[in-house]
Amino acid sequence: QVQLVESGGGLVQPGGSLRLSCAASGIIFSIYHMGWYRQAPGKQRELVATVSSGDSIMYGDSVKGRFTISRDNAKSTVYLQMDSLKPEDTAVYYCNARWTTARQDYWGQGTQVTVSS
């Protein structure tokens, strides 16, 4: 029933931009904290950005100033605008939905982002 579907990944040159989208279904989207995480081969999954149900935003240190997270409750979608991309940003990016009151935690299937010239 619950589904998170990411889109927008792909291959981009250093300095370029991508916009990721995550469309949610099967949840009351407006009450969930939403986030983006990423994982590169051989590395731990790391937090990229989160936006709470009250629109409080946090960014990981490595992306601060370059990435922007936003949500559209009417569309049940969270976005990640990625600018000034670096090769170090290459990873699989995962969408996360969390309802802390009920301890519910859902993940998307991931979308590949590759930054290379």
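The charged end of R19 sits over the ring of Y79, 4.0 Å from its centre. A charge counts as sitting over a ring if NZ of Lys or CZ of Arg is within 6 Å of the ring centre and within 35 degrees of the ring normal. R45 lies over the face of W107, at 4.6 Å from the ring centre.

This is a predicted model: local features need pLDDT of at least 70, side-chain atom pairs count only at pLDDT 80 or more, and totals for chains, interfaces and linings use all residues. Residues are numbered from 1 along each chain as its sequence is written, and side-chain values use heavy atoms, with hydrogens and water left out.

Now look at rings that meet rings. A pair of aromatic rings is described by the distance of the centres and the angle of the planes. Rings of Phe, Tyr and Trp (its six-membered ring) pair if their centres lie within 6.5 Å; planes under 30 degrees apart count as stacked, over 60 as edge-to-face and the rest as tilted. The structure holds three aromatic pairs. One of them joins Y32 and W99: 5.9 Å centre to centre, 50 degrees between the planes, tilted. Y32 is in the loop between β3 (18–25) and β4 (33–39), while W99 is in strand β9 (residues 91–99), 67 residues apart. Strands are DSSP runs (E, at least two residues), numbered from the N terminus.

Is Y32 buried or exposed? At 5% relative accessibility, Y32 is buried. W99 is partly exposed at 31%. Buried means under 20% relative accessible area, exposed over 50%, partly exposed in between (1.4 Å probe, protein chains only). Y32 also pairs with Y106: the centres are 6.4 Å apart and the planes at 40 degrees, so this pair is tilted. Y106 is in strand β10 (residues 104–107), 74 residues from Y32.

Four strands form an open sheet in the order β1-β3-β8-β7, with antiparallel pairing. Two strands pair if DSSP finds at least two bridges between them. The edge strands, β1 (3–7) and β7, each pair on one side only. β7 and β8 pair over six bridges.
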